[in-house]
Each structure stands twice: as structure tokens, then as C-alpha cells.
Amino acid sequence: MVAVPVVANKRPEDESDRSLVQGCLRGDTQSFRLLYRRHERRVRSILFKLCDASALDDLVQDVFLRAWKGLPKFRQSAEFSTWLYRIAWNVASDYRQAATQGRARLQVLTQHTATHQDAPDVMHLHYQDLIQRGLAHLRFDHRTILVLHDLEELPQKEVAAILEIPIGTVKSRLFHARAALRQFLQQEGVHL
Amino acid sequence: MSQLPDDDSKFTNFLRRHQPQPPPASADLEERILATIKQDRVTQMARSRRRSLYWVPATIAASLVAGLLTYRNLMPPAPNPNDVSSLETFIETNWNGTFAADDSSDISPLLDAVNSTQEAG
């Protein structure tokens, strides 16, 4: 009896982004579902901090539909996540522009903060509200840098790639963004 | 991540600890997105099939024209009457006297044909 080595099949969730993108290009929508599940949370978080929650589901949907349609043009040499966050940033920019042109007010979110806690930490909710309002006060380019680097913890190199700006510009905007937000928090009584 | 000065570290730690969290997605958001994508794929495939059908009559027409031209080019032309006459003269000239007089019973059928052509002319 000959022993046949059994090669364990790779679990779909272990496949790399690149491999899943290849699957999508072959028309496999299940590969896209896995990409969605892998990146949805961060995309949602970025959009929430750059826009507001009133249209968040629609914005997330917009990002992933643009990603699906744009896959044939996606350069395989680049990171999928960088490309996807770029799309998220474009969607956020378009949304804000449309909101400004439509004279819609960006809603300040105080109601939609952490809801998963059993015993609400009032100070935590207060600080969350302050940070959200502080972000809304920043210029959009400063806000973007702060969200991507400080809150989403993306390295400066990746932030530069997403926004297609030099790393020097990332550093400069980060400096000004932190200074502006720090000043806002101090005015609200938070001294760090 | 780059090294941060102490106060910036405290600042970013504070931001991360208290950063606003987005509300959860609607329960059906994933399915809505996938349904839209599947519909988009169906539309794309139908469009691609329609586009390929446009080529069928054009391909048939092109094949017919190519076939007609090829036939015309490869078909040998009808022989020129002057050429036929020259050929007969050549044969007569070269084959005359090939066979001896008492071999008349064995005269080549070709010679007969040449003679009969001459008599007819």
C-alpha cells in the first residue's frame, strides 16, 4: 500500500489579498465577500471619522462597489488595502463636497458613540464626543492624516501612498493636525 | 511608526483610547453589496455576449468575400486559342517522322489527333 501525502487545503480566510483579488477577477464573488469581511471594519471606521454616521452604510457600500468595478484596473504590484483606503478617502471627499454644495450640515455625533459597553463610562463617552467634534473642526486634509495615522495606526509611508503625497507632507500635516486638535481639547478643558 | 516625543505619545494614546467608534453596520449590508455585485456581473456578461454576436455576421461576410477572391485567383484561366495552335504545331514538328512508314498501323493516337485537327482546320 502506497502512502499518499495529503496536502491540506488552504482555508479561504488564510488566502492573501492578492490571491482573493485574482479570484474576483475570475468572477468569484465569494472571494470578494472575504475581502469585504477582512477590510470592512477599518473602512467603516475611516469613513465614520471623516464624515458622519447618517449615511455610513451607504458610504461603505459605495466604497466596496467602486472597488469591485475598479478591480480590473488595480495594479497587482500595489497593496490592496492601500488602494481600498484610497477609495474610502475619495468617497469621503466626494460626500463632503456634495454635502457642502447641497448646504447639508454635517451632523455632530454625540448619540452614536460606544454602545457595546455594559456600564457606560460617562467620561469615556464625553471624551469620544470631544474627539469627534474636534475632528470635525479640523481642515479635511489635517483630519485625514490624523485619522489614518494616529487613530487607524497606519504607518506614515502607507498614509503617503494612500493620499499620493510625499512623506514630508504627511509629517507636516500631522504636526499641524495634532496642534489644532490639542488646542481644541484644551479649550474644552482637556489638558494633556 | 515613527518615534514620538513624550507629550505626543500621551496625546495619541489618549486619542486612541477614546476614539469614536462607528455604529454597527445594518444586518443586511453585506448581502446587499454582494447582491449588487452579482447583478453587475450578470449585466456585464450579457453585454459581453451581445458584443460578441455583432461580430458573427461581419465574420461570415468577410469569409465569403475572402473565399470568392481566393477562388478567382487560384482558378486557372481558359487556354488561349493561339497557344493551343502553337502547341499543335510544336507537336507536329517534333513528332513527325518519329514513327517509320510501315509502322503506320502503330501510329500514335496523338499523331492521329494532330492530323484530324489539321484536316478540320
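Let's zoom in on one helix pair: is the crossing in which α3(A) passes α4(A) left-handed or right-handed?

A: α3(A) passes α4(A) in a right-handed crossing. (A crossing is right-handed if the near helix is turned clockwise from the far one by less than a right angle, and left-handed if anticlockwise.) Before we dig in, this is a predicted model, where local features need pLDDT of at least 70, side-chain atom pairs count only at pLDDT 80 or more, and totals for chains, interfaces and linings use all residues. Residues are numbered from 1 along each chain as its sequence is written, chains are lettered from A and ligands numbered from 1 in the order in which they are written, and side-chain values use heavy atoms, leaving out hydrogens and water.

So, how do you describe a packed pair? You give the angle between the two axes and the distance between them. Helix α3 of chain A covers residues 56-70, and α4 covers 80-101. (Helices are DSSP runs of H or I, at least four residues, numbered from the N terminus.) Their axes are 9 Å apart, at an angle of about 130 degrees. (Axes are lines fitted to C-alpha atoms over the stretch in contact, and angles run from 0 to 180 degrees between N-to-C directions.) That's why α3(A) and α4(A) count as oblique to each other; the word covers whatever is left once under 35 degrees is roughly parallel, over 145 roughly antiparallel and 65 to 115 roughly perpendicular.

Who touches whom? From α3(A) you get A:Leu59, A:Asp62, A:Val63, A:Phe64, A:Arg66, A:Ala67 and A:Gly70. Facing them in α4(A) are A:Trp83, A:Leu84, A:Ile87, A:Ala88, A:Asn90, A:Val91, A:Asp94 and A:Tyr95. (Contact means heavy atoms within 4.5 Å.) This contact has 10 nonpolar, 2 polar and 3 charged residues. (Ala, Val, Leu, Ile, Met, Phe, Trp, Tyr, Cys and Pro are nonpolar, Asp, Glu, Lys and Arg charged, and the others, Gly among them, polar.)

α3(A) has another partner, from chain B: helix α2, residues 29-74. Here the angle is about 30 degrees, with the axes 10 Å apart, and the crossing is right-handed. Among the α3(A) residues here are A:Phe64, A:Leu65 and A:Trp68, and those of α2(B) include B:Leu29, B:Ile33 and B:Ile37. The contact splits into 7 nonpolar, 2 polar and 6 charged residues.

Elsewhere in chain A, helix α6 (140-151) packs with helix α7 (156-163) at about 135 degrees, axes 9 Å apart. That makes α6(A) oblique to α7(A), and the crossing is right-handed.

Technical notes
Helix = DSSP H or I, 4+ residues; strand = E, 2+ residues; numbered from the N terminus.
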